[in-house]
Amino acid sequence: MKTFQTIKELRAALKVNRLKDKTIALVPTMGNLHDGHMQLVRRAAKEADIVVTSIFVNPMQFSENEDLERYPKTLKEDQALLESNGCHYLFAPDALEMYPDGKRSQTQIEVSAISDILCGASRPGHFVGVATVVTKFFNIVQPDCAIFGAKDFQQLMVIKNMTRDLSSNITIIDEDIARAEDGLALSSRNGYLTEEERNVAPILYNTLLWAKNELQLGQKDLQEISEQAQKNLEQAGFKRDYFEIRSQVTLQTPEEDEAELVILAAAYLGKARLIDNIQINLTN
Ligand code: AMP
């Protein structure tokens with residue numbers, strides 16, 4: 001596997017492959033890689049001849065009081081994992097390479113309707129940062145497809161809507177959520193948890209499962225389910241952010257009798273903000 005820090009060098013390497021008619025898959029990440037990321041890389045290797053993974057902790061998607069500075073950086077370990085999972089090129093630029101004129105003067109991509117709700121309400125500007133950096137990666141790599149995890153369900157929808165709205169030719173592929181044995185969704189931010197908090201953390205997933213069960217039992221009052229879930233989480237030691245049952249298609253409050261739903265949760269536990277979700281189809 002080759003690692004590139006500059007757009008110019010990566011483009012040159014990709015050009016050679018494109019001339020040989022090789023297809024290219026892109027896996028955008030922020031590094032500190034775990035098996036959830038590797039699942040995406042292995043999928044990418046099945047979908048295309050050449051796998052490009054990016055590692056970039058994108059300052060544009062962090063607001064002032066967030067964890068940009070302390071976000072874990074483990075490049076050596078990440079390189080070894082990527083190499084053994086079939087990645088060909090790692091693109092690991094610094095902020096100056098991505099935003100030579102600073103992030104303030106950067107052209108921004110805003111995906112309408114779904115960027116200001118849920119995680120976008122708690123993290124203003126977050127999805128503008130995500131959509132902008134992913135657009136830049138798409139333009140730099142020009143992949144045939146890009147792989148994203150369903151763990152960041154709203155992010156996945158932002159990217160899908162963006163590619164549709166901008167008539168992009170890139171196929172967006174999603175991968176299921178990789179979990180630890182106790183159900184906790186794998187995340188780089190799990191590293192912020194103390195041992196005690198790590199034991200409490202799977203309650204987030206268990207609460208999603210409880211809400212799913214309530215829906216399957218025919219409970220129609222979505223507010224009631226969400227409020228009870230929030231109380232359960234608070235009792236377990238989480239601080240609330242949101243717990244919402246939404247339409248899988250629009251991410252808005254579902255229509256009455258809408259069957260394809262997604263239950264999304266975000267909650268703070270110690271220094272970590274954890275997110276998770278479960279999709280549910282009530283016709284099954
Ligand atoms: P991140 O490095 O957290 O920005 O994540 C990079 C990509 O990996 C995104 O598409 C995430 O949705 C995906 N990802 C992160 N954690 C998981 C997980 N537990 N299961 C599946 N995909 C994941």
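What follows is a short tour of the sheet, the helices on it and one histidine.

Please keep in mind throughout that this is a predicted model. The sheet is an open one of six strands, paired in parallel, and its order reads S1-S4-S3-S2-S5-S6. At the edges stand strand S1, residues 2-4, and strand S6, residues 171-175, and because each has a single partner strand, one side of each is left without a neighbour in the sheet. From one strand to the next, the twist averages 25°.

Let me turn to one pair within that order. Strand S2, residues 24-29, runs parallel to strand S3, residues 50-55, and the two are joined over six bridges; within this region, threonine 29 is found opposite isoleucine 55 of S3. As for the helices, H6, residues 126-141, packs on the sheet, where it touches S2, S3, S4, strand S5 (145-149) and S6, and its direction makes about 150° with that of S2. Helix H3, residues 75-84, lies across S1, S3 and strand S4 (89-91), and runs at about 165° to S3.

Now to the side chain I promised: is histidine 37 buried or exposed? This residue sits in helix H2, which spans residues 35-47, and because its relative accessibility is 13%, below the 20% cut-off, histidine 37 counts as buried. Once neighbours within four places in sequence are set aside, the contacts of histidine 37 are Thr29, Gly31, Asn32 and Ser188. Thr29, you will recall, is the residue that stands opposite isoleucine 55 in S3.

Methods:
Residues numbered from 1 in each chain as written. Predicted model: local features only at pLDDT ≥ 70, side-chain atom pairs only at ≥ 80, totals over all residues. Heavy atoms only, no water. Helix = DSSP H or I, 4+ residues; strand = E, 2+ residues; numbered from the N terminus. Buried < 20%, exposed > 50% of the residue type's maximum accessible area, 1.4 Å probe, protein only. Contact = heavy atoms within 4.5 Å. Pairing = 2+ DSSP bridges. Axes fitted to C-alpha atoms, helices over the stretch in contact; angles between N-to-C directions.
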